Amino acid sequence: MQNSQNNKNHFFTRRDFINRVGNGFGALSLSALLQQEAKSAINPLSPKKPHFPAKAKSVIHLFMNGGPSQVDTFDPKPALTKYDGKKIPIDYLKTERPTGAALKSPFSFKKHGQSGLEISELFPNVARSADDLCIIRSMHADVPNHEPSLLLMNCGEPRLIRPSVGSWVSYGLGSENQNLPGFISMCPGGYPIQESQNWQAGFLPGVYQGTYIDSKHTTINKLINDIKNSKLTMRQQRSQLDLIAKLNRRHQERRSNDADLESRLQSFELAYRMQIDATDAFDISKEPKSIRELYGKGIHGRQTLIARRLVERGVRYVQLWHGAGQPWDSHDDLAVNHRKLAKQCDQSIGALLTDLKQRGMLDETLVIWGGEFGRTPVVEMPKPGSNQGKINGRDHNHWGFTVWMAGGGTKGGYAHGATDEFGFKAVENPVHVHDLHATILRLLGFDHEKLTYRYAGRDFRLTDVHGKVIDAIIS
């Protein structure tokens with residue numbers, strides 16, 4: 001009887017069995033979830049899912065530093081030819097410096113592709129991909145000054161320390177390649193105005209900050225400082241890092257998991273892992289000769305090809321700067337300078353669009369082109385300290401300018417919005433920088449109002465309390 005009772009305790013009814021097994025599955029699911037959370041805590045760059053299915057999974061941002069002229073590139077204005085040398089008949093013309101009469105574009109425009117988008121002669125190679133371009137001709141910002149406008153375009157805030165767009169993207173999506181940074185910024189010849197603030201992590205953990213690359217260099221050891229350790233083997237470095245990590249973890253536990261220390265630990269680990277993958281990604285000699293010739297020689301050709309290789313390897317956000325100063329800031333000699341600058345980058349940008357499309361990558365790679373603002377349709381007048389008094393350039397203009405996008409779920413062969421007949425102010429479907437950022441995040445699968453980070457008692461976001469998605473440009 002006693003044995004029978006003991007045996008009974010080892011058997012369950014069907015209801016008991018299902019209940020206990022169900023709890024077991026729940027425990028397994030919870031265990032898997034906790035393991036995933038632990039993995040994310042250990043490596044904040046682990047891949048993450050966005051709020052909803054994304055159209056794009058990576059971004060290449062071609063930043064034309066200094067403010068290219070919209071009326072000489074992607075926003076043709078025949079009225080400027082009619083009024084050349086005459087006063088423009090609009091009463092809302094407000095400029096940073098004294099300006100004079102209308103200045104017609106020295107460049108011709110032509111329709112391209114089946115869409116018939118009009119593009120300047122400055123960009124013949126880009127024009128070949130006209131049917132893939134989504135040109136926003138009604139951009140506007142806040143002020144006509146480089147510093148705040150650079151920060152607004154790159155960080156969504158012109159004055160205060162805020163995370164950059166690339167940092168928000170890395171924070172939201174992580175990286176598909178744990179051996180490379182999630183966000184890389186290539187700027188040849190040094191820093192631009194506002195320096196590393198343009199790719200800062202702000203109050204986000206430091207691991208999301210952009211990794212700066214001086215792309216004027218051609219060898220990996222100069223592109224990335226200390227990428228190789230000539231005195232220790234990889235195994236010795238691993239042992240060294242493990243010891244450092246152990247000591248730092250102890251230190252960290254006594255200081256409430258200090259975020260700065262965690263960022264330093266992640267930087268050590270990433271630097272170790274980059275030794276192999278970064279060397280491979282930045283070595284364009286591994287590309288076929290035909291591809292290298294497609295992109296062309298020079299700094300911009302090289303860094304643009306590297307950008308394709310980086311997104312191909314899972315880097316989320318790559319920013320390419322055209323110059324460290326303000327090369328597009330043509331207060332004088334606009335005809336000469338814009339032609340020279342466009343020649344430096346037109347071939348490589350056209351090659352990027354063609355190459356991405358041929359590889360089937362354009363659909364999931366969002367390419368963005370533009371500067372921090374545009375330029376006036378009227379000539380800038382001489383003023384001590386502001387220009388050379390040649391009366392053949394244009395001043396800063398934040399009232400209306402152009403940014404174009406391609407791939408990544410945008411509507412190709414399409415021009416959105418418009419400036420007035422002279423190209424000064426956005427008057428049709430105006431798009432603020434906050435709207436552009438909201439749309440970028442939407443294409444990457446995020447609701448810009450819900451991608452937030454708690455800091456100083458407030459939930460911050462890239463678009464602050466502004467921004468609306470431009471549904472018309474999404475395919």
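**Note on backbone, burial and ring contacts**

1. At a relative accessible area of 25%, Asp-464 counts as partly exposed, where buried means under 20% relative accessible area, exposed means over 50%, and partly exposed lies in between (1.4 Å probe, protein chains only). Asp-464 is not a glycine, yet has a positive phi of about 55 degrees. The residue belongs to the segment after strand 18 (458–460); strands (E, at least two residues) and helices (H or I, at least four) are DSSP runs numbered from the N terminus.

2. On the basis of the model: it is predicted, so that local features need pLDDT of at least 70 and side-chain atom pairs count only at pLDDT 80 or more, while totals for chains, interfaces and linings use all residues. Residues are numbered from 1 along each chain as its sequence is written, and side-chain values use heavy atoms, with hydrogens and water left out.

3. Ile-391 is placed in the loop between strand 10 (374–380) and strand 11 (394–397), and its relative accessible area of 39% makes it partly exposed.

4. On cysteines, the search of the whole structure finds zero disulfides, a disulfide being a pair of cysteine sulfur atoms within 2.5 Å. Cys-155 is buried because its relative accessibility is 2%. Cys-345 is likewise buried, at 0%.

5. Which residues does Ser-69 touch, leaving aside residues up to four places away in sequence? The contacts (heavy atoms within 4.5 Å) are with Leu-334, His-338, Arg-375 and Arg-394. Ser-69 lies in the loop between strand 1 (58–63) and helix 3 (78–82), and its relative accessible area of 0% makes it buried.

6. The count of aromatic pairs comes to 21. Rings of Phe, Tyr and Trp (its six-membered ring) pair if their centres lie within 6.5 Å; planes under 30 degrees apart count as stacked, over 60 as edge-to-face and the rest as tilted. One of the pairs is Phe-183 with Tyr-317, edge-to-face at 5.3 Å centre to centre and 85 degrees between the planes. Because Phe-183 lies in strand 6 (residues 183–186) and Tyr-317 in strand 8 (residues 317–321), this pair ties together parts that are 134 residues apart in sequence. Phe-183 is buried at 2% relative accessibility, and Tyr-317 is buried at 3%.

7. Trp-199 and Trp-321 also form an edge-to-face pair, with 6.2 Å centre to centre and 75 degrees between the planes. This pair links distant parts of the chain, 122 residues apart: Trp-199 is in the loop between strand 6 and strand 7 (211–213), and Trp-321 is in strand 8. Both residues are buried: Trp-199 has a relative accessible area of 1%, and Trp-321 has 0%.

8. One aromatic cluster is formed by Trp-168, Tyr-171, Phe-203, Tyr-208, Tyr-453, Tyr-455 and Phe-460.

9. Two lysines are placed over tyrosine rings. A charge sits over a ring if NZ of Lys or CZ of Arg is within 6 Å of the ring centre and within 35 degrees of the ring normal. Lys-411 lies over the face of Tyr-414, at 4.9 Å from the ring centre. Lys-425 lies over the face of Tyr-92, at 5.2 Å from the ring centre.
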